[in-house]
Amino acid sequence: MRKVLLLHIPMLCLAYLMLMAAAVAGLIYIIHERRVKLHQALTVSASFPSLETLERFIYQMILYSFPLLTIGILLGTHWQFITRGRFWGWDPTETFSLVTWLIYALYLALRWSRGLRGRKSTYLALAGSGLFF
């Protein structure tokens with residue numbers, strides 16, 4: 001059982017790598033969108049994917065990483081209960097993981113319920129990644 005609980009570290013690492021890829025795509029999205037608004041897109045349109053492709057990639061990375069993040073946090077919480085006798089200690093690692101989880105939960109909820117797209121959804125995705133960079 002303890003070996004299963006130790007899986008929280010690789011799960012969180014994989015989730016954060018996927019979220020980092022979403023953040024990089026988000027930064028590219030913001031740069032590309034600004035260039036489109038300034039009519040400078042012709043010079044860089046061949047080197048950047050379309051805004052729609054970038055947004056879809058961001059969404060997919062968050063969608064796939066969210067269950068890993070959830071399971072990783074839950075396994076880590078249970079591991080802490082076994083080793084320290086408490087489920088939550090409010091240390092910075094736990095707190096930032098929880099806040100990150102809440103931001104991405106909000107991102108997914110707004111995307112599914114309100115159809116949040118474009119620059120606003122990208123900024124929300126970047127807000128979640130700002131906590132672990």
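**Helices, core and surface of the predicted model**

At 1.5 Å a residue, the 30 residues of helix α2 should span 44 Å, and the end C-alpha atoms of α2 are 43 Å apart, which agrees. The expected span is 1.5 Å times one less than the number of residues in the helix. Helices here are DSSP runs (H or I, at least four residues), numbered from the N terminus. The structure is a predicted model, in which local features need pLDDT of at least 70, side-chain atom pairs count only at pLDDT 80 or more, and totals for chains, interfaces and linings use all residues. Residues are numbered from 1 along each chain as its sequence is written, and side-chain values use heavy atoms, with hydrogens and water left out.

Helix α2 covers residues 8-37. After α2 comes His-39, with a positive phi near 60 degrees.

The largest nonpolar core has 27 residues. Such a core is a set of buried Ala, Val, Leu, Ile, Met, Phe, Trp, Tyr and Cys residues joined through side-chain atoms within 4.5 Å. Leu-19, Ile-58, Ile-62, Leu-69, Tyr-107 and Leu-108 touch the most other members. Two or more residues come from each of α2, α4, α5 (92-113) and α6 (118-129). The most come from α2, which gives 10 residues. In soluble globular proteins, nonpolar side chains tend to be buried together.

Helix α2 also holds Val-24. This residue is partly exposed, with a relative accessible area of 45%. Buried means under 20% relative accessible area, exposed over 50%, and partly exposed in between (1.4 Å probe, protein chains only). Together with Leu-17 and Met-20, Val-24 forms a nonpolar surface patch with about 260 Å² of accessible area. Patch residues have over 30% relative accessible area and no salt bridge; nonpolar side chains (Val, Leu, Ile, Met, Phe, Trp, Tyr) are joined within 5 Å, like charges within 9 Å. A salt bridge is a side-chain nitrogen of Lys or Arg within 4 Å of a carboxyl oxygen of Asp or Glu. Areas follow the Shrake-Rupley method with a 1.4 Å probe; for residues, only the protein chains shown count as cover. Val-24 and Ser-129 lie 105 residues apart in sequence, yet 9.5 Å apart in space, C-alpha to C-alpha.

Helix α4 (residues 51-84) contains Thr-77. Thr-77 is buried, at 14% relative accessible area. Beyond its neighbours within four places in sequence, Thr-77 contacts Arg-86, Phe-87 and Trp-88. Contact means heavy atoms within 4.5 Å. The loop between α4 and α5 holds Trp-90. Trp-90 is not a glycine, although its phi is positive, about 60 degrees. Trp-90 counts as exposed, at 59% relative accessibility.
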